[in-house]
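Have the viewer open while you read.

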Amino acid sequence: MQIKQVLAILNKDIQLPANITQTLQRWRDVYYGISLHTTGASPRFQDLSTGRMVKPAGYYGEEYQYLFDSFLLSRHPREDSATRNWRYSQYRPMTKAPFGQITEVVTGAIFQSSNYSLQLVDETDDAYIHNNNFSGQNIVEYFSNVGYKNMIEDPNGVFLRIPKQPFYEQTTDKVDVDIWFVHSKDMVWLTDTDLVFTRGDFAYWVNAQTIWRFAYNAQQRKYYLSKEDVQGYYAHMLGRLPITVAGGEWNTQGYYDSFYSKAKAAADDFVSAYSAAQLVDKEASHPYIVEAAADCVECSGHGQVQIDCDSCPNGVELVRCTVCGGSGQVSHNPGQHIIIPHEQMKDGTPIQIVNPDVAINTHHRDVCQQVMQLIIEALHLQKTDAAQSGVAKAIDQERLYKFISAISNHLFDNIITDTLRDIIAYRNIEQQNGFRIVKPTQFSIKTSADLLAEYNEGAKANLPTFIRKRMAMDYVQKQYSSDELMKRKAQLITELDELSILSTTEITDLHSTGIISDAQLYYSRNLPVAIDELIAEKGEYWFINTALKDIKAALPAMGDETLFRVGLN
């Protein structure tokens, strides 16, 4: 592509090829369809009392409104505009909750501090990625808080690595590199060799060698190449586009679906089902009053009575009955006292309060619960309880584990790896140093109770101590996930003291049979005390950040450690 061609595309002076237009539109449909639920988008509606169009806080544009108008809350053939606007006004983004919950589960499992490691060979580059240089966050926080959500919502969008300033504003030897997520809705063109997109008041063209920036003239409604950028924004000279497609589950129609796409159909259906339930509740669930028809005794049901009138031709005139108010019927206002014959009280009351049949309401609520359950199952949020069999519970956990593992592998093998590669290439023109990634291999999806139960079963089964140590540390990592001091102490104690993973009963039995000596028992009971005293002397920060071998060397002598190896299986 040439600059003139890019400007013609941006200014719509030429028509895009049909395949490009169709592809971009398909990508955008995926984005809006998922992000409607993940962001909690809401429809606008007309206030019937004022006629004013109301845009709630969750109104994010006409693209979402189109989905509500045409699909999610489409108009019933017999529905009037007032009812439809009322349904719009009552909409609440209830599908946002399950999507948000699985996001918390996945990011929490993947980005636990003990689960991964990112390290660049060059110390300056390593410090750069671990400082707040990416949307005010370090690189891991960016992908956990920003990048992951963008990937889920817009799997056909791209992560772009780009210098923060154009080449003529660079003031340091090493380029400050930023990570941008280019949404499919902002893309104008994307092929293997070129990316054209809009961002704020600018448009950008990225190819295999350079990045160009175009300013926007609001009056002329045209993009143009400013004097500052006439030589380009930055020449990266990488020989490739510095981008990575967000990715997800590949659709054989030639695009990516979101990792959450299995839940989309049920989420769409829930919006419609819940709106119908709301309408039925309003229309059919309130008690109503049935009144027995009884003519007013004053006017005999005519609503009018004769009174004397001296000025009238006949000497009388018809006026509204003051007893029934002109209705001709007996009033059943509970504030009034009504005298009726005794026999009428026997046959039935003159007024009856009827509670309608709520079977249809119950049916709608059941449908909503069933559809919500489908969403929960599709997002692997199935809750387990005591009534669930161990096999079923294990299957649910295995599915969640595989789901998280697939996302983690994609993030670390593709997106994060490509990002580190390009950051190094930008910042080291002459020599490109390497990097090391240790991606997560374990995801803590089991509860503390699950891990404790497994540990107890392991003890009953007399599993080898090295396995029980791992099970104990898994429990500590989960139960005390935010307590770095406790996790460090547990790690040190399980390494130095083999008795630490034994129960009191086991230790007593082994001691009584002579397998454990008094000295070994003394060491086991006093090691935690010695560690606490060391922490009090050196400080928590020192203990958490010091290598284990150095901590061991600093512990007070309690005898030769090698003498206290019990030799358990």
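The notes below cover ground rules, a hairpin, a helix pair and an aromatic pair.

## Ground rules

This is a predicted model, so local features need pLDDT of at least 70 and side-chain atom pairs count only at pLDDT 80 or more, while totals for chains, interfaces and linings use all residues. Numbering starts from 1 along each chain as its sequence is written, and side-chain values use heavy atoms, with hydrogens and water left out.

Helices (H or I, at least four residues) and strands (E, at least two) are DSSP runs, numbered from the N terminus.

## The hairpin

Strands S6 (residues 187-190) and S7 (residues 194-199) pair in the antiparallel sense over three bridges; pairing takes at least two DSSP bridges. Three residues sit between S6 and S7 in this hairpin, and leucine 190 stands opposite leucine 195 in S7.

## H2 against H8

Helix H2 (residues 18-38) packs on helix H8 (residues 264-284) at an angle of about 60 degrees, with the axes 11 Å apart. Axes here are lines fitted to C-alpha atoms over the stretch in contact, and angles run from 0 to 180 degrees between N-to-C directions. The contact (heavy atoms within 4.5 Å) is made by Gly33, Ile34 and His37 of H2 and Lys264, Ala267, Asp268 and Val271 of H8.

## Aromatic pairs

The whole structure holds 25 aromatic pairs, meaning Phe, Tyr or Trp (six-membered) rings with centres within 6.5 Å. Take phenylalanine 270 and tyrosine 274: their ring centres are 5.6 Å apart and their planes at 15 degrees, so the pair is stacked (planes under 30 degrees apart). Being four residues apart in helix H8, phenylalanine 270 and tyrosine 274 are separated by about one helical turn.

Notes
Phe/Tyr/Trp six-rings, centres within 6.5 Å; stacked < 30°, edge-to-face > 60°.
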